[in-house]
Amino acid sequence: MRITIVANGSRGDVQPFVALGLGLHAAGCEVHIAAPTPFRTFIEERGLIFEDLEVDPRQILEGELGQTWLESGHNPIGFVRRLEPILEPLMDRFLAAALRACEGSDALIFPPFGVVAWHIGQALNIPAILASPVPTVRTAHIPSPLVPPLPLPRLTNPLGYLLVDQLAWQVFRRSTNRWRVETLGLPPLSFRGPFRHVEREREIVLHAYSPAVLPTPPDWGEHVHVTGYWFLNHPDGWQPPTSLVEFLDDGPPPVYIGLGSMTGRDPEALTRLALGALRRTGQRGVLLAGWAGLGGIDLPDDVCLVDDIPHDWLFPQMAAVSHHGGAGTTGAGLRAGRPSILLPYFADQPFWGRVVHDLGAGPRPIPQKQLSESRLASAISRAVTSPGIRRRSRALGEQIREEDGVACAVTILLQRFAG
């Protein structure tokens, strides 16, 4: 059986689907991963078949439009409106590449940003399964990850999901319907949009996070699943850099600071801010260069600069982990059982910051627009000294490590495809 996973986005968006793909491959499926161009080697080295979506998310984020998009914060209207001028020039090439990647498949799996696969599944008359690292199905019990907290949550939470769905659909409705009619031979969709159709069809939906982090809401149907995180562990034979091992052995556990695939206008200033916070708290540090470009200046001996170190190896050796709050990095920090300090930019990142704080596994998140040396220093101090945060982080990590989200998801998918 050939399964194509349309995994659009940055490294944090793609990596969980590579983990799922490996699980499906081990179960006997032929797995293709349709992903942005820079992830070819990352996917092929793990024995999966790469399909090129012909986009480069790093180039997008580093451009002026991308920087403005990152600055939209937790504003769903700004998030979607600023996304339109970024994606509109890429749409024709992206849609054509996605269709080529999916042709010949027996089933498709897609995240919210890969909803193009749902339309293709209709055209090919094959199952197309929504799989998401964040809650996507309307519920009164969890706010939409893209909407700030609203009053009377039991009433307004479902409306938040509708708002986000409609914003995204109405912005791209004309171009998507033109593609459906002219290329796929499908009728245009109504005002409701694709996600309301997914909900009405009651096709299975997979959520790739831990029920210990967000329990399954009682108003979701039996077709909606919370499987546990889809973690991709470091490859067999991988060895950490000798300089990093020596640094870790040379003192107490350091604090990790990294912003993953987020980019910034002034990486040197951000690096100095991080170094100042570490200096104020007397903590050693590990800085991730990442797409933010941290580093680039002389670092003190008690700070080590790294790039692309597997989280499953690195995070358990930290005193605390501080990051942008992407769903995958948040899950990795919680799995390690270490206190988490979230520094969210936009989209679902502020949501995960609130979740971590509400779970007692970290201090209050610090939005990027409010980030300062003193605020980061205060958060680090609280994370590494609070007995309650350390205790709750350890307990949550133990729960998450007992789960096997990939195995759970593979079982559900194979049962669906067999039916």
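Hi everyone. A charge sits over a ring if NZ of Lys or CZ of Arg is within 6 Å of the ring centre and within 35 degrees of the ring normal. With that in mind, look at Arg335, which lies over the face of Phe231 at 4.2 Å from the ring centre. There is a second case at Phe247, where the charged end of Arg284 sits over the ring, 4.2 Å from its centre.

A quick word on the source. This is a predicted model, where local features need pLDDT of at least 70 and side-chain atom pairs count only at pLDDT 80 or more, while totals for chains, interfaces and linings use all residues. Residues are numbered from 1 along each chain as its sequence is written, and side-chain values use heavy atoms, with hydrogens and water left out.

Let me stay with the rings. Rings of Phe, Tyr and Trp (for Trp, its six-membered ring) pair if their centres lie within 6.5 Å; planes under 30 degrees apart count as stacked, over 60 as edge-to-face and the rest as tilted. A search of the whole structure finds six such aromatic pairs. How are the rings of Tyr209 and Trp352 arranged? Their centres are 6.1 Å apart and their planes at 65°, so this pair is edge-to-face. Tyr209 lies in the loop between strand E6 (205-207) and strand E7 (224-226), and Trp352 in helix H14 (residues 349-358), so the pair ties together parts that are 143 residues apart in sequence. Helices here (H or I, at least four residues) and strands (E, at least two) are DSSP runs, numbered from the N terminus.

Are these two residues buried or exposed? Buried means under 20% relative accessible area, exposed over 50%, and partly exposed in between, with a 1.4 Å probe and protein chains only. Tyr209 is buried at 0%, and Trp352 is buried at 1%. Another pair, Tyr229 with Phe231, is tilted, at 5.2 Å centre to centre and 35° between the planes. Here Tyr229 is buried at 7%, whereas Phe231 is partly exposed at 22%. Ring pairs also link Tyr209, Phe351 and Trp352 into a cluster.

Now the cores. A nonpolar core is a set of buried Ala, Val, Leu, Ile, Met, Phe, Trp, Tyr and Cys residues joined through side-chain atoms within 4.5 Å. The largest one has 54 residues, and Val213 and Trp352 touch the most other members. Helix H6 (residues 91-102) gives the most to this core, with seven residues. Apart from it lies another core of 33 residues, among them Ile129, Ile204, Leu232 and Phe417.

Over to helix H1. With 16 residues (11-26) at 1.5 Å a residue, H1 should span 22 Å, and its end C-alpha atoms are 22 Å apart, which agrees; the expected span is 1.5 Å times one less than the number of residues. Its buried residues include Val14, Phe17 and Leu24. Which elements do the buried residues of H1 pack against? Among them are strand E1 (2-6), strand E5 (128-132) and helix H17 (405-418), with contact meaning heavy atoms within 4.5 Å. Just after H1, Gly28 takes a positive phi of about 105°.

Last, the cysteines. A disulfide here is a pair of cysteine sulfur atoms within 2.5 Å, and a search of the whole structure finds zero. For Cys102, the nearest cysteine sulfur, that of Cys29, is 16 Å away. Cys102 is buried at 0%, and Cys304 is buried at 10%.
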